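The entries follow in the order in which I worked.

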Amino acid sequence: MARTPRPPHIHKFGGASLANAAAIRQAVEIVLAHRPAPLVVVVSAMAGVTDALLDGAARAARGDVGHVRATADALHAQHAAAARALVPAGAGRDELLRHVDAAFAELEQVAGGLAALRELTPRTTDYLAARGERLSARIFAAALEAAGCPVAYVDATAVVQTDGTFGNASPDLRRTERSARKALRPILNRGAVPVVPGFLGATPDGQVATLGRGGSDLTATLLARVLGAREVSLWKDVPGLLTADPRVVPDARVVPQVHLREAAELAYYGAKVLHPRALGPVMKRSVAVRIRPFAEPASLGTEISRRRTLGEYPVKALSAIPEQALLTVTGSGMLGVPGIAARTFAAVHHEGISVSLITQASSEHSICFSVPEASAERARRSLEATFRPEIAREEIDGIELQTGLATLVVVGLGMAGTPGIAARVFAALAEARINVIATAQGSSELNLSIVVDGAEAPRAQRAVHAAFQLSKIGGGAVDHPDRSDVVLLGFGQIGRTLAPMIAKVKQDALTLRIVALIDRSGFVFDAAGLSPRRLAALAAAKAKGTALAKAPAGGRRAGATEAVAFIARHALSNPILVDLTADDTTETLKAGLGAGMHVVLANKRPVTASKRSYVELRAAAQTHGRRLLHEATVGAGLPIIDTYQKLVESGDRVSKIEGCPSGTLGYLFGELGRGTPFSTALRGAIAKGYPEPDPREDLSGKDVARKALILGRLIGFAGELTDIAVESLVPDGADRLALAAFLRRLDEYDAAWAERVAAAAARGGVLRYRAIVVVDASSPMASLNGTDNQFIFTTMRYRKNPLVITGPGAGPAVTAGGILNDVLKLAGA
Ligand code: ADP
Ligand code: ASP
Ligand code: MG
């Protein structure tokens, strides 16, 4: 009688677990630690390889052969380096390197053909992509063998049999069972470890096809099913299956155990941690699929099985499907007419488009459903064709299409039978002021799907996550202390002064990190925070004129608003957007506020733009429950706005604020009084970083006017910048020059300025900058030194003897200090 073999444990290593030789070595250690029990290894391609191969294939078909050659060279080097590091010199390594060489030589050859034909079929795409997994499996097998473990590389086409749909093949269970047993049993029986490339299978005529992105998860569960395995370990770069995507919800937690149906629902509805169909083969089996942290092999991660635990959590996790569109078929003629729904979905099905959410109003006036945005137009055309007669007869109004949406999916077995869950979800969304566009609950009550504006999806996930207290689910935190993530918009002198100051903030229970820098060219972003070293390197490069878009390792080209939108899609904790530019950034700031960021301004423009734009900006902050602080826009680091607010909060009423609010002019006049020529004084001010990027902003009084407007708006002034009268100190004709020309010709203005100073001195006064009035030398303003600013508050309580704040009001260090104070306030320090 044949003895029943002991079922093997399936270990699958994801791309991140195979990033380089060191990672592969660690994966080999994990396998060795599970020996000598029978096991099968399934591997993904090395990190980034599938993306590079698919991109290379697409570019080749567009004729970009040079790019493909570079890709092939880089991939060749990556694989050869891993092979050399993991396998000792000898026949085994030589053979391995021959495979690597051949794979990329052939890639270039096929790419040349594609470029000539300008055509890329799904079959060729799969054939090219397959080399990622095939090579990593060969390298893994060789490394395992070098570590003393008996192994056998088994190609996926000998194991996994599919229906042959290139790009998204479905495995055929019965045929796979036969071939897998035939190919793998003998190896297992002799105590060796089969190493199988994931993601791939054979078409009925023996060609290679892929199972869809992330498909090696499916290879692993499929092998578990056909080999009767009880345990599958999927080694990934996360601590387990989390309550939400950690890139979106920073306080996502590991769920210790979820039901197979819950996990399948999550995977199907967008949780990128598992291939959407990965759990299909084991759905009704007694198998434990574990999502395990590669970085922590002793941890069990998350168990996905048929047990029901964590009853106190009716909702266990959530995810969101991005880039969705809603199609709505409406019309009074639909009422009670049978078959409209069936025809609607038949029309969409006919196009091979999958529908992920359906709602029908009980009045039957409309049917509404969501499809991926990319296929929405096609779906609409098909529906219009189907219902052409009804539309002509006006029984159906037409087909409405709404794009730019996302579907939030809330999953938990406990939702069935627990009343009020949906209400809690909607209350959380309402509180976060997120509009619900459509919603559906499956009859299983396992999942609640809610369509929201795509840009709101991250905030929606955070709101629901918080409402169900999922951060307390007990599986431990993803490594993240209480922190605030800072995005610097503008990386000029002030930004470069501020960055190291932020990095140095040390306070208990508070972490400040700079996650992104944005300039006019683009941005640099790292969700894990830019290290002080990286910041210093970027600052040095920027000071030498390298735009951020060109920054080595990670610079991207983008407009500021686009950059903020990109950054906001990631898991940021208490994000704070700091505007250090002198540009008109209102739209970018609104995008930031809309995405849940607080805003700190050193830039005066957004708060001195038209009254309407100012009111809208403030309203945007309020709508999204975010704060807009701008202490540094007036008096740099001096606490001017803060003082104003404290006075008002304590019941005082401010009736007048007078001031000398320009550090630049203060400095200039001080120097002029000492006999320094105007050109030298202005150049000195520029070197010290006092003036605006164009010093004529200061000289023209515009900068002073902006500050006056900011203070004025605090105390209720309803006018515009143009309502503020200032005298310009820009020499005649100089306002029409280009900035560079103006700066070149500064010397020409020295004589006129020397005369002004002499005239003031002759009258026993000194020049001060209140629109160049001659202030009596005994006035307190006359005693202002250097860049000192002075603000005089006349209030109900300080009427006779006004409250005076004096101190340096220009320069990167004091300005950065003022900004940092605002940032700390928002960080809860
Ligand atoms: P593999 O290395 O096996 O291919 P993936 O990269 O496909 O692993 O899956 C892990 C990624 O899935 C994580 O980096 C994480 O950002 C993302 N992810 C999305 N939703 C979740 C979730 N709910 N739990 C864990 N990870 C998630
Ligand atoms: N390498 C493939 C991908 O990146 C399959 C996988 O990793 O599961 O999609
Ligand atoms: Mg994957």
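This is a predicted model: local features need pLDDT of at least 70, side-chain atom pairs count only at pLDDT 80 or more; totals for chains, interfaces and linings use all residues.

Residues are numbered from 1 along each chain as its sequence is written, and side-chain values use heavy atoms, with hydrogens and water left out.

Entry on aromatic pairs. I searched the whole structure and found 10 aromatic pairs, where rings of Phe, Tyr and Trp (its six-membered ring) pair if their centres lie within 6.5 Å, and planes under 30 degrees apart count as stacked, over 60 as edge-to-face and the rest as tilted. I looked up phenylalanine 345 and phenylalanine 369, whose ring centres are 5.1 Å apart with planes at 65°, so the pair is edge-to-face. This pair links distant parts of the chain, 24 residues apart, with phenylalanine 345 in helix 9 (residues 340-350) and phenylalanine 369 in strand 13 (residues 366-372); helices (H or I, at least four residues) and strands (E, at least two) are DSSP runs numbered from the N terminus. Phenylalanine 369 counts as buried because its relative accessibility is 0%, whereas phenylalanine 345, at 22%, is partly exposed.

I then turned to phenylalanine 678 and tryptophan 753, which have ring centres 5.1 Å apart and planes at 5°, so I noted the pair as stacked. Phenylalanine 678 lies in helix 22 (residues 678-687) and tryptophan 753 in helix 26 (residues 750-762), so the pair ties together parts 75 residues apart in sequence. Both phenylalanine 678 and tryptophan 753 are buried. I also noted one aromatic cluster, formed by Phe13, Phe140, Trp235 and Phe294.

Entry on charges over rings. I counted a charge as over a ring if NZ of Lys or CZ of Arg is within 6 Å of the ring centre and within 35 degrees of the ring normal. The charged end of arginine 131 sits over the ring of tyrosine 127, 5.2 Å from its centre, and arginine 713 lies over the face of tyrosine 614, at 4.7 Å from the ring centre.

Conventions. Chains are lettered from A and ligands numbered from 1 in the order in which they are written. Buried means under 20% relative accessible area, exposed over 50%, partly exposed in between (1.4 Å probe, protein chains only).
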